[in-house]
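Okay, hi everyone, thanks for coming. Have a look at what's on the screen, and then I'll walk you through it.

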Amino acid sequence: MKKSIYIAALVLMCSFTAMSQQMPMYGQYIFNSSVLNPAQAGARGDNQAGILGRYQWVGIDGAPNTQTAFANLSLPHDIGFALGIYQDQAGPVREFTLQTDVAYSSRISQDWYLSGGLRLVANSMSINLADLDDIIGTSDPLLGMDHRSGLKFNMGAGLLAFTNKHFVGISMPRAIKVHNTDNYTASRHFFIYGGSSFDITREISLSPSGMFRKAAQAPMQLDINAIGSYENMIDFGPMIRSNLARGVIDAIGFVAGYHLNDNWYFGYMYEFPTNRISTATKQSHEISLRYQWKSASSGIFRTPGFFLNDRRGK
């Protein structure tokens with residue numbers, strides 16, 4: 001009951017001050033970086049499609065959860081196209097998002113490639129305060145209201161530079177701050193991320209990476225991963241998420257993945273909160289399944305090794 005009241009109070013506070021939209025947060029971003037940057041569209045050199053579910057703060061009524069379906073395609077003439085569908089829910093707050101990305105890639109030196117991408121986003125949000133009536137047990141007529149944002153549009157852009165072993169990206173996947181009546185705000189987002197892949201032995205490789213995230217009305221965050229791969233079959237490594245505004249670590253956990261065969265890849269993430277929410281819950285989970293297949297494109301790119309769900313040397 002205390003957990004439910006905690007979430008209800010948090011949602012009510014956010015509802016009446018500012019209905020601020022945030023992008024979904026993932027621990028497995030290194031396996032599907034197109035969620036961060038439209039320039040990732042087509043950069044793999046092959047095609048992939050998949051689903052992902054994130055279940056945050058398991059055990060708390062009304063805790064956030066996200067379901068995602070996505071596709072990332074490499075098209076002829078070094079053009080990439082990506083599509084993402086997201087459904088988020090946190091208590092009475094529900095959000096549906098559809099985004100499309102188009103990118104173009106070019107070789108800029110013997111080893112380095114540069115990709116630039118644009119994104120179009122359409123989404124809607126609703127807050128059904130009547131859903132809280134059973135939780136906090138009040139007959140306040142305000143709880144019978146249903147706030148809806150209507151269909152809203154946004155745009156984003158990004159750049160990605162990479163070799164077969166290193167990558168760095170910068171993006172604003174939602175670059176426009178949108179307002180309407182009901183105090184709804186679509187926040188700008190800014191990401192910088194990068195990483196490298198190193199062969200430790202013939203069977204083992206290590207891929208450290210980091211991601212910096214900044215959004216309005218949200219603390220700056222830094223994610224750090226170090227994913228080890230064994231025979232390009234099994235991926236495993238620790239992750240840390242820090243709150244730079246407070247100078248504390250918000251969560252620790254691990255990321256794992258397994259190549260079922262040359263086409264199918266299964267991913268999992270466990271996250272343990274280390275901030276004050278840990279008094280109410282001890283876990284968040286992500287589960288993903290992806291299918292990848294060769295592109296019919298005659299583009300110039302080989303699959304970059306830093307995408308961990310690619311079977312290098314296949």
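So, let me start with a question: of the contacts in the chain with a separation of 6 or more, what percentage comes from residues 24 or more positions apart? The answer is 56%. Keep in mind that this is a predicted model.

Now the overall picture. The chain has 314 residues, and 48% of them count as buried. You can pick out two helices and 19 strands. The chain exposes about 14500 Å², with 63% of that supplied by carbon and sulfur atoms.

Next, the inside. In soluble globular proteins, nonpolar side chains tend to be buried together. Here, the largest nonpolar core holds 22 residues, and those touching the most other members include Leu36, Phe167, Tyr193 and Met211. Strand 8, strand 12 and strand 18 each give two or more residues to this core. There's also a second, separate core of five residues, with Trp57, Ile60, Ala63 and Ile277 among them.

Okay, on to charges. How many salt bridges are there? The count comes to seven. Take Arg174 and Glu95, whose closest N and O atoms are 3.9 Å apart. Arg174 sits in the loop between strand 9 and strand 10, while Glu95 is in strand 5, so this pair ties together parts that are 79 residues apart in sequence. And both Arg174 and Glu95 are buried.

Another pair is Asp101 with Arg119, at 2.6 Å from N to O. Asp101 is in strand 5 and Arg119 in strand 6, 18 residues apart. Are these two buried or exposed? Asp101 has a relative accessible area of 2%, so Asp101 counts as buried. Arg119 is buried as well, with a value of 2%.

Then there's Lys165 with Asp199, where the closest N and O atoms are 3.1 Å apart. Lys165 is in the loop between strand 8 and strand 9, and Asp199 is in strand 13, so parts 34 residues apart in sequence get tied together. Lys165 is partly exposed, at 24%. And there's a network, too: salt bridges link Arg54, Asp223, Arg241, Glu271 and Glu286.

Last stop, Ser209. You'll find Ser209 in strand 14, which covers residues 204–215. Ser209 has a relative accessible area of 7%, so this serine is buried. What is Ser209 in contact with, leaving aside neighbours within four places in sequence? The list includes Tyr29, Ile30, Gly194 and Asn225. Phe167 is on that list too, and we met Phe167 in the largest nonpolar core.

Notes. Residues numbered from 1 in each chain as written. Predicted model: local features only at pLDDT ≥ 70, side-chain atom pairs only at ≥ 80, totals over all residues. Heavy atoms only, no water. Helix = DSSP H or I, 4+ residues; strand = E, 2+ residues; numbered from the N terminus. Buried < 20%, exposed > 50% of the residue type's maximum accessible area, 1.4 Å probe, protein only. Contact = heavy atoms within 4.5 Å. Areas by Shrake-Rupley, 256 points an atom, 1.4 Å probe, with all protein chains shown as cover. Core = buried A, V, L, I, M, F, W, Y, C linked by side-chain atoms within 4.5 Å. Salt bridge = Lys/Arg side-chain N within 4 Å of Asp/Glu carboxyl O.
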